[in-house]
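Subject: Structure for your review

Dear colleague,

Please find the structure below, together with its sequence. I would be grateful if you could read the notes that follow with the model open beside them.

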Amino acid sequence: MSGFGGFLLRRVIGAVITLLAISVIVYAVFYVTPGNVAQITCGPRCSPAQVHQVAEQLRLDDPLYVRYWDFLKGLFVGLDYSTGTSVEHCSAPCLGLSYQTDQQVTALILTKLPVSLSLVLGSMVLWLLLGVGTGVLSAWRRGRFSERALTAVTLAGTATPVFVIGLVLMIVVCGELQLLPFPQYVNFTDDPEQWAWNLLLPWLSLALIEAATFARLTRASMLETLAEDHIRTFRAYGVAERSVIGRHALRGAFAPVIALNANNVGSAIGGAVLTETLFGLPGIGQELVHAVNVVDLPVVVGMVLVVGFFVVLANAVADVLYAVADRRVVLT
């Protein structure tokens, strides 16, 4: 296949191969960790016989490649698991059962995923608006005091950790000024208005960090685009400056922003671990921290793979949008 259809097919195949590679690495890293997982799962008061029984139930004595093959089969066709007293069928895509609760990891992730997606997607809208807007304004006002002030603010934002911004916002906005209540997650379907108000501070905490990076990239891309010949031609023909900036220069400068946005999805999900813990949001980040603390390996592996899936998906979508935004890109 050639053209745009072939380009899409190659991106899909590449995404699938990348996800398989991630699953191999993640599964090997976490399941070859030192320590007696059966002892930790059973508890400190378990006898050696009970620990051995738990290891058999969790199939920890099987070779790693056998367990990984069963894991892959669970993803595509489902798998049967023994819970000690009965056999439970886990439908595809099955990520296994939690060592601590015997709950299906897929079901657990589906209950936590809306919270994390609400946090990351809402933050993404804010960091694009703030970052791109600040970058365009900074390039437009190049050499003036406002441009220097915006550059200083973006540098400060890049150097500030997300938990510091979150703490400052909670102390000032919720404590001193009492403009908002302390965040408490509300389902969107229950009350959309309260959902947005309670996520406003977490959105800002995550968005301000990322917006600083987008502002710097947008400024650099805009300055490069504004120096190109076709922009000088538009100006020579008397095209209004706002039209030159908004319709012509911004489109040429937006392609790198698309690529950066896809990469920042991964860092935003990583930052969401801190943000969810700080604001008490019951999302994937908070559950992942708990699973690591209790060595609940199926939950850890499942959530890391889900995060990896969204990162790969975001980059694949970015490749397509990049090609659409910049006609000069060669589809390979």
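The notes below go from the overall fold to the cores, the aromatic pairs and the salt bridges.

Please bear in mind throughout that this is a predicted model.

Overall fold

The protein contains 12 helices and two strands. In sequence order, the elements run α-α-α-α-β-β-α-α-α-α-α-α-α-α. The chain has 332 residues, of which 41% count as buried.

Nonpolar cores

The largest nonpolar core holds 46 residues, and Trp127, Leu201, Met222 and Leu281 touch the most other members. Two or more residues of this core come from each of helix H5 (105-140), helix H7 (162-176), helix H8 (192-226), H10 and helix H12 (297-325). The largest share is that of H10, which gives 13 residues. Apart from this core lies another, of 29 residues, which includes Val26, Tyr31, Tyr99 and Met303.

Leaving aside residues up to four places away in sequence, leucine 201 touches Leu169, Met170, Val173, Cys174, Leu180, Pro183 and Phe279.

Threonine 275 counts as buried because its relative accessibility is 2%, and the cut-off for buried is under 20%. With residues up to four places away in sequence again left out, threonine 275 touches Leu119, Val162, Pro202 and Leu206.

Aromatic pairs

The structure has seven aromatic pairs. One of them joins tyrosine 27 and phenylalanine 71, with 5.2 Å from centre to centre and 40° between the planes, and is tilted. Tyrosine 27 belongs to helix H1 (residues 3-31) and phenylalanine 71 to helix H4 (residues 64-77), so this pair ties together parts that are 44 residues apart in sequence. Tyrosine 27 counts as buried at 6% relative accessibility, and phenylalanine 71 counts as buried at 6% as well. Ring pairs also link Tyr27, Tyr68 and Phe71 into a cluster.

Salt bridges

Side chains of opposite charge can pair when their charged atoms come close. A search of the whole structure gives two salt bridges.

One is formed by lysine 73 and aspartate 70, whose closest N and O atoms are 3.6 Å apart. Both residues lie in helix H4, three residues apart, which is about one turn of the helix. Lysine 73 counts as partly exposed, at 31% relative accessibility, whereas aspartate 70 counts as buried, at 10%.

The other is formed by glutamate 287 and lysine 112, with 3.9 Å between the closest N and O atoms. This pair links distant parts of the chain, since glutamate 287 lies in helix H11 (residues 284-293) and lysine 112 in helix H5, 175 residues apart. Glutamate 287 is buried, with a relative accessible area of 17%. Lysine 112 is also buried, with a relative accessible area of 18%.

With kind regards

Terms used:
Residues are numbered from 1 along each chain as its sequence is written. This is a predicted model: local features need pLDDT of at least 70, side-chain atom pairs count only at pLDDT 80 or more; totals for chains, interfaces and linings use all residues. Side-chain values use heavy atoms; hydrogens and water are left out. Buried means under 20% relative accessible area, exposed over 50%, partly exposed in between (1.4 Å probe, protein chains only). Contact means heavy atoms within 4.5 Å. Helices (H or I, at least four residues) and strands (E, at least two) are DSSP runs, numbered from the N terminus. A nonpolar core is a set of buried Ala, Val, Leu, Ile, Met, Phe, Trp, Tyr and Cys residues joined through side-chain atoms within 4.5 Å. Rings of Phe, Tyr and Trp (its six-membered ring) pair if their centres lie within 6.5 Å; planes under 30 degrees apart count as stacked, over 60 as edge-to-face and the rest as tilted. A salt bridge is a side-chain nitrogen of Lys or Arg within 4 Å of a carboxyl oxygen of Asp or Glu.
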